[in-house]
Amino acid sequence: MTVAPPTPVDAYFDALEGDAQRIAAEFRDVILRAAPDVGETIRYQMPCFVVEGQYFVHLGAWKRHIGLYPIARLDGDLEDGIEPYRAAKDTVQFRYAEPVPWDLVERLIAELIMRSRS
């Protein structure tokens with residue numbers, strides 16, 4: 001059996017440590033489950049996920065949080081749920097010291113994928 005060599009995205013995740021590595025890997029799993037056909041690349045020195053040739057989210061693992069970019073304003077209760085995590089106009093951050101609301105993250109990723117396919 002031939003094993004594929006690690007990708008630059010794999011290297012990014014492998015270089016992380018502790019909570020950053022564990023939580024970033026969970027974000028990656030959520031994204032890959034939501035869109036099994038998703039592509040991965042490095043863009044702006046962080047993982048970027050692509051569906052049908054469209055970039056739909058970048059993920060940056062930082063010292064104290066995971067950031068998702070760009071996250072434009074959303075509709076209704078999804079925006080209400082994301083609002084506490086907004087750090088800037090098009091950025092959301094999930095701090096390692098706080099539990100990640102995975103159900104909200106799954107809804108967010110599904111919405112981003114749907115928008116990229118429209």
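Is Glu52 buried or exposed, and with what relative accessible area? Glu52 is exposed, its relative accessible area being 55%, where exposed stands for over 50%, buried for under 20% and partly exposed for values in between, computed with a 1.4 Å probe on protein chains only.

The model is a predicted one, in which local features need pLDDT of at least 70 and side-chain atom pairs count only at pLDDT 80 or more, while totals for chains, interfaces and linings use all residues. Residues are numbered from 1 along each chain as its sequence is written, and side-chain values use heavy atoms, with hydrogens and water left out.

**Loops with positive phi**

Most residues other than glycine have a negative phi.

| Residue | Phi | Loop | Relative accessible area |
|---|---|---|---|
| Gln45 | about 65 degrees | between β1 and β2 | 72% |

Six strands form an open sheet in the order β1-β2-β3-β4-β6-β5, with antiparallel pairing; two strands count as paired if DSSP finds at least two bridges between them. β1 and β5 (86-88) are the edge strands, each pairing on one side only, and the twist from one strand to the next averages 30 degrees. Between β4 and β6 the antiparallel pairing extends over four bridges, and Gly67 has Gln93 in β6 as its bridge partner. The helix α4 packs on this sheet and touches β2, β3, β4 and β6, its direction making about 145 degrees with that of β3; contact here means heavy atoms within 4.5 Å, and angles run from 0 to 180 degrees between N-to-C directions, the axes being lines fitted to C-alpha atoms, for helices over the stretch in contact.

Not counting residues up to four places away in sequence, Leu68 touches Phe27, Val57, His58, Leu59, Asp90, Thr91, Val92, Phe94 and Leu108. His58, in strand β3, is buried with a relative accessible area of 7%, and its contacts beyond four places in sequence include Arg43, Tyr44, Cys48, Gly67 and Leu68.

**Helix α1**

The buried residues of α1 are Val9, Tyr12 and Phe13. Seen down the axis of α1, these buried residues fall within an arc of 90 degrees, so they line one face of the helix, the arc being that of the directions from the helix axis to the C-beta atoms. Pro8, Asp14 and Ala15 are exposed on the other side of α1, whereas the cover over its buried residues includes α2, β1 (39-43), β2 and β3.

α1 and α2 pack at an angle of about 145 degrees, with their axes 8 Å apart. In this contact Val9, Asp10, Phe13 and Asp14 of α1 meet Gln21, Ala24, Ala25 and Arg28 of α2. The residues of the contact divide into four nonpolar, one polar and three charged, where Ala, Val, Leu, Ile, Met, Phe, Trp, Tyr, Cys and Pro count as nonpolar, Asp, Glu, Lys and Arg as charged, and the others, Gly among them, as polar.

Terms used
Helices (H or I, at least four residues) and strands (E, at least two) are DSSP runs, numbered from the N terminus.
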